[in-house]
Amino acid sequence: MNHAVAVFSPNAVLNKTAVRILVATQVVLVLLLWIFSPFVLLPKPTEVLGALGDLWEQGLGAELITSFLLNIQAIAVATVLSLLLAYATVMPFFRPIVALLSKLRFLSLVGLTFFFTLMARSGHELKLSLLVFSVSVFFVTGMADVIESVPKEMFDLARTLRMGEWRVVWEVIVLGQISKVFDVLRQNAAIGWMMLTMVEGIVRSEGGVGTVLLDQNHHFRLSAVFAIQLTILLLGLFQDYSIGLAKNMLCPWAVLTLERK
Amino acid sequence: MGHTTYSYGKTLLKIENVSLEYDGRPVLSGVSAEVKDILVPGRIQGQVVGILGPSGCGKTTLFRIIAGLMKPTSGLVTVNESGTPVRAGEVGVVAQTYPLFEHRTVLGNLMLAAGRKEKDSQVAKDKVMAYLREFGLEDKFNLYPAQLSGGQRQRCAILQQILCSEHFLLMDEPFSGLDLIMLEKTCELIAKVANMDELNTIIVVTHDVTAACSVADQLWLMGHGRGEDGETGPGSRIVKQHNLIDRDLCWEPGIITTAHFTDFVREVKEEFRSL
């Protein structure tokens with residue numbers, strides 16, 4: 001099929017070269033749209049790059065490291081907590097608790113800051129707990145859905161192999177769904193970056209990229225705001241790619257049946 | 001056509017008056033049947049039972065009860081003259097979709113099953129490799145289930161259950177969606193597995209009348225049944241049983257091409273319509 005036709009055909013699968021050309025074309029198109037945009041308030045790429053250079057000299061690198069480490073720490077804690085809670089739903093006692101936690105994702109972080117402040121012993125702990133909470137409520141929802149969607153025949157298979165119920169949980173839910181943990185993690189690690197800037201705006205004691213972003217936004221320095229957003233996007237893409245790579249390496253079976261690998 | 005001399009030995013599986021209600025609605029009503037060891041002088045002869053019935057008649061429910069995966073509302077299923085209700089794991093189950101643990105390789109899946117009975121991992125591995133050779137899968141041991149063809153996956157799922165269960169294998173719709181060649185191969189595979197041990201018993205749940213007749217030595221027809229007033233009963237039961245050995249319809253090569261077989265299939269199909 002002609003590539004030009006294929007890109008608009010439903011369920012068409014392109015070869016790697018065609019995908020690369022497609023992505024490169026779209027990136028160039030976005031850049032052209034950005035460069036020649038009629039919106040005067042939208043900073044030009046050269047202005048953004050210039051602002052990025054200035055910010056870097058002012059210590060953006062250190063702020064990024066602070067934020068990156070905080071985010072990684074929060075994601076690690078949230079992942080462990082959420083997985084434990086989601087796996088606990090195999091026991092009826094924990095199902096209502098997890099269902100309630102899942103519903104808390106509708107709450108605003110700003111409204112919860114006061115309670116977390118009372119519990120936290122330092123600014124870092126406050127930021128960490130706010131981030132862990134905001135990521136966990138989404139993570140636990142995703143994982144609980146994954147566990148709930150395991151088909152009955154997989155449980156039957158484990159039971160016919162004389163497994164006790166805890167072994168069934170280990171084989172069918174923990175090991176059997178491990179590739180989906182990476183998918184849920186990918187989504188929630190991205191949510192972590194979204195929440196991070198908000199949390200760093202609420203608790204400014206340690207700085208971080210969120211604090212810098214809010215400061216620049218406050219002074220309406222749009223070039224700098226765009227520069228920070230671009231940096232966060234690149235970091236996020238790196239994080240996303242790393243999680244995807246880890247999934248492919250650790251769960252090679254997960255991509256075998258996919259049409260678009 | 002030669003009449004094979006056979007006799008019955010001990011009872012291997014007994015279903016006693018099994019009933020099941022779901023949300024107050026009767027699904028199974030007093031299902032009773034038994035499988036006895038078929039003894040044929042001079043050879044190992046396993047047992048193959050075909051359970052036939054229309055869609056939605058409760059075949060899969062009965063299947064799950066026989067496998068010990070579901071408890072009936074009343075009644076009992078026992079295996080090996082134990083007298084105690086069947087427990088999950090005593091009866092192997094091969095579901096229609098041939099489920100396997102996708103995160104394990106073929107060897108991993110089979111070792112998991114073999115390891116339940118054999119604690120020495122080297123002995124278990126030797127046994128698994130011997131079975132893989134026997135079933136033509138020796139070069140697939142390192143593949144994941146997603147990399148197997150439909151036929152290979154079927155054999156792997158069967159092997160997994162054979163390695164773990166006690167001579168019993170339940171197969172849910174094993175002929176569903178197969179072409180003619182695959183169907184013949186599946187029938188051969190069932191016969192091969194059944195005849196690997198004197199006590200091996202395979203119960204095939206299907207609605208493919210011809211395939212069931214070609215592979216089974218006895219048929220159980222399941223349905224609601226009709227009373228004298230012509231009304232159907234409240235739940236399904238085994239309405240009729242056919243002994244295919246007495247009718248010279250099994251263990252003979254090429255039996256399915258005979259007029260005798262065709263007539264029998266026609267007879268069962270007629271009965272099937274009234275189930």
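Modeller: Helix α7 of chain B, residues 259-273, has 15 residues and spans 21 Å from its first C-alpha to its last, close to the 21 Å expected at 1.5 Å a residue (1.5 Å times one less than the number of residues; helices are DSSP runs of H or I of at least four residues, strands of E of at least two, numbered from the N terminus). This is a predicted model, in which local features need pLDDT of at least 70 and side-chain atom pairs pLDDT 80 or more, while totals for chains, interfaces and linings use all residues. Residues are numbered from 1 along each chain, chains are lettered from A and ligands numbered from 1 as written, and side-chain values use heavy atoms, without hydrogens or water.

The buried residues of α7(B) are F261(B), F264(B), V265(B), V268(B), E271(B) and F272(B) (buried is under 20% relative accessible area, exposed over 50%, partly exposed in between, with a 1.4 Å probe and protein chains only). They lie on the same side of α7(B), because they cover an arc of only 120 degrees around the axis (taken from the directions from the axis to the C-beta atoms). On the other side of α7(B), A259(B) and R273(B) are exposed. The cover over the buried residues of α7(B) includes the chain B elements β3 (47-52), α6 (209-215), β8 (218-223) and β9 (237-243), contact being heavy atoms within 4.5 Å.

In chain B, E134(B) and K192(B) meet in one of them, at 3.7 Å from N to O. E134(B) lies in helix α3 (residues 121-134) and K192(B) in helix α5 (residues 180-194), so the pair ties together parts that are 58 residues apart in sequence. E134(B) is partly exposed at 44% relative accessibility, and K192(B) is partly exposed at 34%.

In chain A, D183(A) pairs with K247(A), the closest N and O atoms being 2.9 Å apart. Here helix α10 (residues 178-202) carries D183(A) and helix α12 (residues 222-250) carries K247(A), so parts 64 residues apart in sequence are tied together. D183(A) is partly exposed at 31%, whereas K247(A) is buried at 11%.

Finally, R167(A), E171(A) and R104(B) are linked in a network of salt bridges. E171(A) sits in helix α9 of chain A, residues 165-175, and is buried at 0% relative accessibility.

Note on methods. Salt bridge = Lys/Arg side-chain N within 4 Å of Asp/Glu carboxyl O.
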